[in-house]
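I opened this notebook to record what I looked up, entry by entry, for a reader new to the structure.

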Amino acid sequence: MIDEAALLAARHADRLLAEARAIGRTRWATYLEAMPDRLRDAQVHELRSVGLRARAAYGPKDSIRDALPPDLTEPFLRSIDRLLKALARAEMED
């Protein structure tokens, strides 16, 4: 379940990164640059920090939502939240 959630989040991150590059949102492209690969390749114990960094892009004062279209930002947010929940469940089971 964790692997599936991480791979789904990586696909959404790929789309966000491609859009940020396409429309010249350099700051967000830089922020997102390593995220898809980290979501795909990180060990389970590292995924929490990746997820929290992704979640931080949705800040109250500075949000990725203000720079990129909602049809990309919202699926990414949902996938990150799903990943973080799966990680929390796994921690509770240990």
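**Entry 1: Leucine 77**

I began with the contacts of leucine 77; setting aside neighbours within four places in sequence, I found that leucine 77 touches Arg55, Tyr58 and Arg65. I note that the model I am reading is a predicted one. I located leucine 77 in helix α5, which runs over residues 70-93. Is leucine 77 buried or exposed? I read a relative accessible area of 8% for leucine 77, and because the limit for buried is under 20%, leucine 77 counts as buried.

**Entry 2: Helix α5**

I then turned to the helix that holds leucine 77. Helix α5 is made of 24 residues, and from the first C-alpha to the last I read a reach of 34 Å, close to the 34 Å expected at 1.5 Å a residue. Which residues of α5 are buried? I listed Leu72, Thr73, Pro75, Phe76, Leu77, Ser79, Ile80, Leu83, Leu84, Ala86 and Leu87. I recalled that an α-helix has 3.6 residues a turn, so residues three or four places apart point the same way. I next asked what covers the buried residues of α5, and the cover includes α1, α3 and α4.

**Entry 3: Helix α1**

I took α1 next, spanning residues 2-22. Helix α1 has 21 residues and reaches 30 Å between its first and last C-alpha atoms, close to the 30 Å expected at 1.5 Å a residue. I recorded Ile2, Ala5, Ala6, Ala9, Ala10, His12, Ala13, Leu16, Leu17 and Ala20 as buried in α1. Against what do the buried residues of α1 pack? I found α2 (26-32), α3 (35-41), α4 (44-56) and α5. Just after α1, I noted that glycine 24 has a positive phi of about 75°.

**Entry 4: α1 against α5**

I looked up how α1 and α5 pack: the angle is about 155°, and the axes are 9 Å apart. Because angles over 145 degrees count as roughly antiparallel, α1 is roughly antiparallel to α5. From α1, the contact is made by Ile2, Ala5, Ala6, Leu8, Ala9, His12, Ala13, Arg15, Leu16 and Glu19. From α5, the contact is made by Leu72, Thr73, Pro75, Phe76, Ser79, Ile80, Arg82, Leu83, Ala86, Leu87 and Ala90.

I checked alanine 9, which lies in α1. I read a relative accessible area of 0% for alanine 9, so alanine 9 is buried. Which residues does alanine 9 touch, not counting those up to four places away in sequence? I found Leu39, Phe76, Ser79 and Ile80. For a reference to another part of the chain, I took aspartate 66: alanine 9 and aspartate 66 are 57 residues apart in sequence and 20 Å apart from C-alpha to C-alpha.

I then checked alanine 86, found in α5. Alanine 86 counts as buried at 5% relative accessibility. Leaving out residues up to four places away in sequence, I found that alanine 86 touches Met1 and Ile2. Alanine 86 and isoleucine 2 are 84 residues apart in sequence, and I read 5.8 Å between their C-alpha atoms.

**Entry 5: α4 against α5**

The axes of α4 and α5 come within 10 Å and cross at roughly 145°, and α4 passes α5 in a left-handed crossing. From α4, I noted Val44, Leu47, Arg48, Gly51, Leu52, Ala54 and Arg55, which meet Phe76, Leu77, Ile80, Asp81, Leu83, Leu84, Leu87 and Glu91 of α5. By class, I counted this contact of α4 with α5 as 10 nonpolar, 1 polar and 4 charged residues.

I also looked up alanine 56 in α4. Alanine 56 is partly exposed, with a relative accessible area of 49%. The C-alpha atoms of alanine 56 and alanine 10 are separated by 16 Å, and the two residues are 46 apart along the chain.

Notes: Residues numbered from 1 in each chain as written. Predicted model: local features only at pLDDT ≥ 70, side-chain atom pairs only at ≥ 80, totals over all residues. Heavy atoms only, no water. Helix = DSSP H or I, 4+ residues; strand = E, 2+ residues; numbered from the N terminus. Buried < 20%, exposed > 50% of the residue type's maximum accessible area, 1.4 Å probe, protein only. Contact = heavy atoms within 4.5 Å. Expected span 1.5 Å × (residues − 1). Axes fitted to C-alpha atoms, helices over the stretch in contact; angles between N-to-C directions. Parallel < 35°, antiparallel > 145°, perpendicular 65-115°, else oblique. Left-handed = near helix turned anticlockwise from the far one by under 90°. Nonpolar A, V, L, I, M, F, W, Y, C, P; charged D, E, K, R; others polar.
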